[in-house]
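Open the model in a viewer and keep the sequence panel beside it. The stops below follow one another as selections.

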Amino acid sequence: MTQKQALSPEMIEEITRTTLQVMKDFQEKERQKQQKEKRDWRLRNTKLLLKHYRSFVSHAEGSREKVSAMDYADAMESLYSKELALESIKRSTQRTMVMVNFVQRMLKVYKAMCETSVHPEERRRYQIIHAMYISDDKMTAEQVAKCHFIETRTVYRDINEASKTLSVLVFGVDAIEFA
């Protein structure tokens, strides 16, 4: 006949402590993973905003509507609701106008930040963003690289760094990566 050995209170306490620590570590890793995914999503959206900026501006300028504060609130709210097709098209134009105005303000802030920076690469980053995504005369990465006497890879690196800063301006503190 075998005897069953009971766990001592010290062993139960150690098992409990270890289990709790493992659970805390897991939850912290999950929280960090979710924050990273959120930052990645915002960075991707910032790059998409830049990539499609000209078409958004064209779409918004094509509309003769003015967006009131009430329209602005409705446009933001309608992002999360289902509507009739015609109303949705109207609101789409309003949302685009609201978004374009906001992005233009953030680009002005970014430009001011870069122009007052003591680091020449900051000014170059704005110039690259402007040349590739904002100006009427669109340039390729290769053209921008030649213009600034840098490698094409540096152009893409500058776009990534500029996008990180713009993400913070557009999405706020959620776009910041804390170490």
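Start by selecting C114, which is buried at 1% relative accessibility; buried means under 20% relative accessible area, exposed over 50% and partly exposed in between, with a 1.4 Å probe and protein chains only. This is a predicted model, where local features need pLDDT of at least 70 and side-chain atom pairs count only at pLDDT 80 or more, while totals for chains, interfaces and linings use all residues. Residues are numbered from 1 along each chain as its sequence is written, and side-chain values use heavy atoms, with hydrogens and water left out.

Next select C147, partly exposed with a relative accessible area of 47%. The disulfide count is zero, a disulfide being a pair of cysteine sulfur atoms within 2.5 Å.

Move to F149, in the loop between α6 (141-148) and α7; helices are DSSP runs of H or I with at least four residues, numbered from the N terminus. F149 is not a glycine, yet has a positive phi of about 55°. Its relative accessibility of 77% makes F149 exposed.

Now select T46, L49, L50, V103, L107, L166 and V170, the lining of the largest cavity. On a 1 Å grid over the protein atoms alone, a cavity is a set of points where a 1.4 Å probe fits but cannot get out, and lining residues have an atom within 4 Å of a point. The volume is about 50 Å³, counted as the space filled by probe spheres set on the points, which are joined across faces, edges and corners.

Colour α1 (9-51), α4 (85-115) and α7 (152-171): each supplies at least two lining residues. α1 gives the most, with three.

Technical notes
1 Å grid on protein atoms, 1.4 Å probe; cavity = no way out; pocket = protein on both sides within 12 Å on 5 of 7 lines; lining within 4 Å.
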